[in-house]
Amino acid sequence: MSAQPLPSDRVVTGEAVELEVRAARAGSRVTALLLDLIVIVVIALVVFAIASIIVSTVSVHFDDATWQGITVVMTVLLLVGYPVSCETLFRGRTLGKAALGLRVVRDDGGPVRLRHALTRSLVGVATEWPGVLLPPVTWIAALATMLGNPRGKRLGDLVAGTMVIHERTPASWGWVPGMPPRLAGWAVTLDLTGVSDDLALAVRHFLARGRDLREPARSNLGRALAAELAAVTTPPAPPDVPGWAYLAAVVAERHRRARVRLARARAVSAAIWPELVAKPAAEPTRIEPASAPVLVRPGAPYSEEVTPPLAWPITGTRGGPAPSA
């Protein structure tokens with residue numbers, strides 16, 4: 001069987017560990033390049049001013065050929081030396097990349113070395129920017145390569161075996177409603193085998209960022225997600241359950257079962273190889289299924305006749321219990 005290609009947002013390290021990364025696309029990379037070009041122009045002006053002062057002080061006359069040679073050498077040093085030195089010393093960052101939270105890494109996620117930085121810089125100067133071979137053609141080819149590559153790689157990245165990633169953490173999760181007490185007993189009986197990771201993540205995103213949505217879009221999206229959950233879970237929820245409570249109960253129960261499985265797996269690993277599992281500082285509390293406070297009645301989780309609006313809970317503290325709607 002042939003190996004399946006990795007998704008564009010995942011890399012495998014040399015230790016066979018799969019990491020999730022965010023590849024930088026053309027927009028952020030071009031912006032970082034423009035910032036680096038501004039830095040290069042400033043450095044060139046400072047160097048030219050210093051050189052002019054030195055030449056006027058020592059009263060040395062240079063002919064046109066000498067000045068042209070000096071200009072070529074300085075241009076190469078700035079266009080190649082600046083990115084190579086920055087990426088080597090600052091672990092894949094130039095000033096422009098650092099300002100936008102970008103970093104150059106190897107295809108396996110490791111830090112770049114001098115050879116990687118030099119290779120991608122030389123290829124970039126020759127075929128991309130400024131493109132000493134065929135400037136208009138190479139610019140179009142470089143942009144097409146970045147747009148067409150799943151990881152946003154340019155020609156220099158393809159040759160050097162590198163990629164540019166976002167190293168800043170995305171926006172943190174908002175407050176997610178916990179398990180509504182009246183649904184704890186019903187949630188224990190749920191069959192969640194049909195709930196995919198993508199659907200559970202979509203529901204969690206909705207619960208975490210639902211306060212930023214406006215009506216009626218929020219209610220429509222909540223009902224659509226609830227309908228998807230209802231199609232793959234049994235038994236149905238009570239008919240008078242608010243929309244957010246139904247979604248929160250399913251996500252909370254799925255998370256609770258995942259914690260139970262993880263605790264069991266760690267217990268087995270500790271029994272087989274005690275040195276592999278670090279001992280906790282305190283005795284962990286036993287995870288028990290929540291008891292049912294009341295019996296629930298069967299019914300559709302969302303019905304136009306009996307389901308109240310998707311009223312959103314208001315919390316006073318982060319992570320506190322959600323009031324009933």
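Biologist: Which residues of α9 are buried?

Modeller: The buried residues of α9 are Arg218, Ser219, Gly222, Leu225, Ala226 and Leu229 (buried: under 20% relative accessible area, with a 1.4 Å probe and protein chains only; helices: DSSP runs of H or I, at least four residues, numbered from the N terminus). This is a predicted model, in which local features need pLDDT of at least 70 and side-chain atom pairs count only at pLDDT 80 or more, while totals for chains, interfaces and linings use all residues. Residues are numbered from 1 along each chain as its sequence is written, and side-chain values use heavy atoms, without hydrogens and water.

Biologist: What covers them?

Modeller: The cover includes α8 (197–209) and α10, with contact meaning heavy atoms within 4.5 Å.

Biologist: How many aromatic pairs does the structure hold?

Modeller: A pair of aromatic rings is described by the distance of the centres and the angle of the planes. The structure holds one. Trp186 and Tyr246 have ring centres 5.9 Å apart and planes at 40°, so the pair is tilted (centres within 6.5 Å; under 30 degrees is stacked, over 60 edge-to-face, the rest tilted). Trp186 is in α7 (residues 184–188) and Tyr246 in α10 (residues 243–272), so the pair ties together parts 60 residues apart in sequence. Both Trp186 and Tyr246 are buried.

Notes
Phe/Tyr/Trp six-rings, centres within 6.5 Å; stacked < 30°, edge-to-face > 60°. Helix = DSSP H or I, 4+ residues; strand = E, 2+ residues; numbered from the N terminus. Buried < 20%, exposed > 50% of the residue type's maximum accessible area, 1.4 Å probe, protein only.
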